[in-house]
Amino acid sequence: MNDKVLMRGTHIIGETAVRSGCRFYAGYPITPQNELTEYMAGAIAKLKDGTFIQAESEIAAVNMVIGASMAGARAMTSSSSPGISLKQEGISFLAAQELPAVIVNSMRGGPGLGNIAPTQGDYFQATRGGGHGDYRCIVLAPAYSQELADITRRAFEYADRFTTPVMILIDGMMGQMMEPVVFPEPIDPRELPPKSWVLDGAKGRPSRIIKSLILDVVKEEEHNWKLYRKYENIKKEIQEAETYLTEDAKLVVIAYGTAARIAKGAIKRVRDIGLKVGLLRPLSLWPFPRRILDDTSRFVKEFLVYEMNTGQMVEDVELALKRSSEIHFYGRPGGIVSTPDEIAKVITSLYYRRHLEED
Amino acid sequence: MAKKVLKGMIIIDSELCKGCGLCISVCPHEMINVSEVLNEKGYYPAQFKGSSKEDNACTGCATCAIICPDVAIEVYRER
Amino acid sequence: MTAQLVFKRPRYLKKTVFHYCPGCGHSIIHRLVAEVIEELGIGEITIGVPPAGCAVLAYDYFDVDMGEAPHGRGPAVATGIKRMLPDRIVFSYQGDGDIAAIGTAETIHAANRGENITVIFVNNSCYGMTGGQMAPTTVVGQESTTTPGGRDIKRDGAPIDLSEMLALARGSVYIERTSVNSIKNIVKTKKALTKAFKIQMSGLGFSLVEILSPCPTNWKLSPLDSCKWIDETITQTFPLKVIKDETIKTEL
């Protein structure tokens, strides 16, 4: 299947996961990502060496992933906002125990039960821990179906490379979108490099322990700094963002995922009437692509952050750029999916309010 | 039929013992008592009374070791 | 005297002082599990999942691969390990809060799915590590730090018969309740553990051994009196017996 295929977003993630050697999936039905769970059930049933479990709860699912990861498998779970809330302790444990795993969040309306429409309301939850303790989760935000495949492959690689959990952040719309995609070559998990810390029975070697309890405060501080150094290294290695028409821009929109696609449509419209507007689209939300933001802010001083929430990523942009630039925000929470026209109007009105048409 | 009389002996690791007294309560031959010397953890450990062959009634039944929570007792039996 | 060493520390128990209290049942049970693993020759292929609770440090004692689970999630973590490594022996070692309060769903569903794991349920009728609060298996009238005056059904609810409930789970194969409060019961517990691990080795399904365990510190009794108290009081609510044994049917 290496030609272009038309496939829905959730299925693309599932197919790529299996092609990336993922042999353990546990999940719980929750809209709008049920198709991913169902796809994994079908795909794994066709393999001889995989396990699919519809777990009794979101919590059980993430804990099964912990176990599968301890056993050396590429393991994945997926859910949507409230279910991801339930998984937070598990994610904290994955980070603390330095276990690789991939978690997919298809964001929906919130807080609480919310609704099943697409939003970006879980940015804080994803990038600010969500779970307890001093840890970070690598967070990747695709916007196109091809990226769903590319990022899913990268997610498993990052997880193994940095022995840390990785979250793929999408929304319901992206999960349902169908676009052509070319899948990466399948990997045989048995050909992956062996992991030196796996719990598979102490035959011919000393017994191993995977734990996160460190009662000795000196040792726990050491462990926290060790994780910190890992995250600093990840920050150096992973800085992913796409820039679109920013070279001559007077105003740059910052948006990710579905919001970025809408913004791109809006930018095409305003460019048609002569406004110099560009787009900076983060692909890694943690680490936040500071370097690319800083580079862009050397020649652009006005930014409009557009999110499908009441303002979360905008805080990261402000942290990065407030001293050098004007940061504006436009948000629609609750599952509203703006049209490019709406965003074009917002951009246009801001552009003229800020007198950006003058040189 | 002559009854085979086993002779036994136990070694109590006084630094593992926590003085819980369970071995003393189950020994069928009352061959264990409490030491008057504290161990490093601050417990009065159990001690084996069989100091000489004459007053050693231990048969190596290992009942003490079976109930000892701290695996503090090794049991020897004469064949 | 040409003496033969007839009882010593089992191979799979590290030579270290247990942090458990004097007279604690965990210590005895750890030793029994290590003995069984050695006698069955499975030490090199066993992976254990310790709980949150007094036995959280079990990985310091068992000389086998050990993977820590969040509180209550042992059966889920064990499921993940066993499904990925079906030819290894996986056990989850849990206290009563871990297995019957926060972890109830994971326990029931692992049993229901018939996961081929062995669960060791250490029941001391209280939350030991956190200082003696009520547990799901605290018996009526039993004092605890959160049941002043003793557990009262109206205020605190009745104790839970988790092992009896698990017998209804279709995937459960063998469930027995034993104790380690006497030599006789310790010997029975070891037999039950051996059977449970053998069931896993034969791929027959989910096995669980519930072990009534003395907790002198939180019961405020001496080790010896704790053992007696299990006979006098706890077994009135939680009788020692084989609760389910599907292997009898298969043998017939």
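Q: Which residue stands opposite Ile175(C) in E8(C)?
A: This is a predicted model. To read a pairing, pick one residue and look across to the neighbouring strand. Opposite Ile175(C) you find Lys244(C), in E8(C).

Q: Do E6(C) and E8(C) run parallel or antiparallel, and how many bridges join them?
A: Strands of a sheet pair through backbone hydrogen bonds, and the sense can be parallel or antiparallel. Here strand E6 of chain C, residues 172-179, is antiparallel to E8(C). Four bridges join the two.

Q: What is the order of the strands in the open sheet?
A: Walk across the sheet, strand by strand. The order is E10(A)-E3(C)-E2(C)-E4(C)-E5(C)-E7(C)-E6(C)-E8(C), eight strands with mixed pairing.

Q: Which are the edge strands?
A: Look for a strand that pairs on one side only. Strand E10 (209-210) of chain A is one, and strand E8 (241-245) of chain C is the other.

Q: Which helix of chain C packs on the sheet, touching E2, E3, E4 and E5?
A: Check what touches the strands. Helix H2 of chain C, residues 74-84, packs there. The strands of chain C that H2 touches are E2 (46-49), E3 (65-67), E4 (89-95) and E5 (118-123). The direction of H2 makes about 175 degrees with that of E4(C).

Q: In what sense do E10(A) and E3(C) pair?
A: Ask again which way each strand runs. E10(A) and E3(C) pair in the parallel sense, over two bridges. For a landmark, find Ile209(A): Met66(C) in E3(C) stands opposite.

Q: How many residues of chain A are in contact with chain C?
A: Count each side on its own. Chain A has 32 residues in contact with 28 residues of chain C. On the chain A side, strand E3 (51-54), helix H3 (58-70), helix H5 (88-96) and E10 each supply at least two residues. H3(A) gives the most, with nine residues. By class, that side of chain A has 17 nonpolar, nine polar and six charged residues.

Q: What does the radius of gyration say about chain A?
A: Compare the value with that of a compact globule. For 359 residues, such a globule would have a radius of gyration near 21 Å; chain A has 21 Å, so the two agree. The C-alpha trace of chain A spans about 75 × 50 × 35 Å along its principal axes. Of the 359 residues, 53% count as buried. Chain A has 13 helices and 16 strands.

Definitions and conventions. Residues are numbered from 1 along each chain as its sequence is written. Chains are lettered from A and ligands numbered from 1 in the order in which they are written. This is a predicted model: local features need pLDDT of at least 70, side-chain atom pairs count only at pLDDT 80 or more; totals for chains, interfaces and linings use all residues. The radius of gyration is taken over C-alpha atoms; the globule rule is 2.2 Å times the number of residues to the power 0.38. A residue is buried if 20 or more other C-beta atoms lie within 10 Å of its own, exposed if 12 or fewer, and partly exposed in between; C-beta atoms are placed from the backbone. Two strands pair if DSSP finds at least two bridges between them. Two residues are in contact if their C-beta atoms, placed from the backbone, lie within 7 Å. Axes are lines fitted to C-alpha atoms, for helices over the stretch in contact, and angles run from 0 to 180 degrees between N-to-C directions. Ala, Val, Leu, Ile, Met, Phe, Trp, Tyr, Cys and Pro count as nonpolar, Asp, Glu, Lys and Arg as charged, and the others, Gly among them, as polar.
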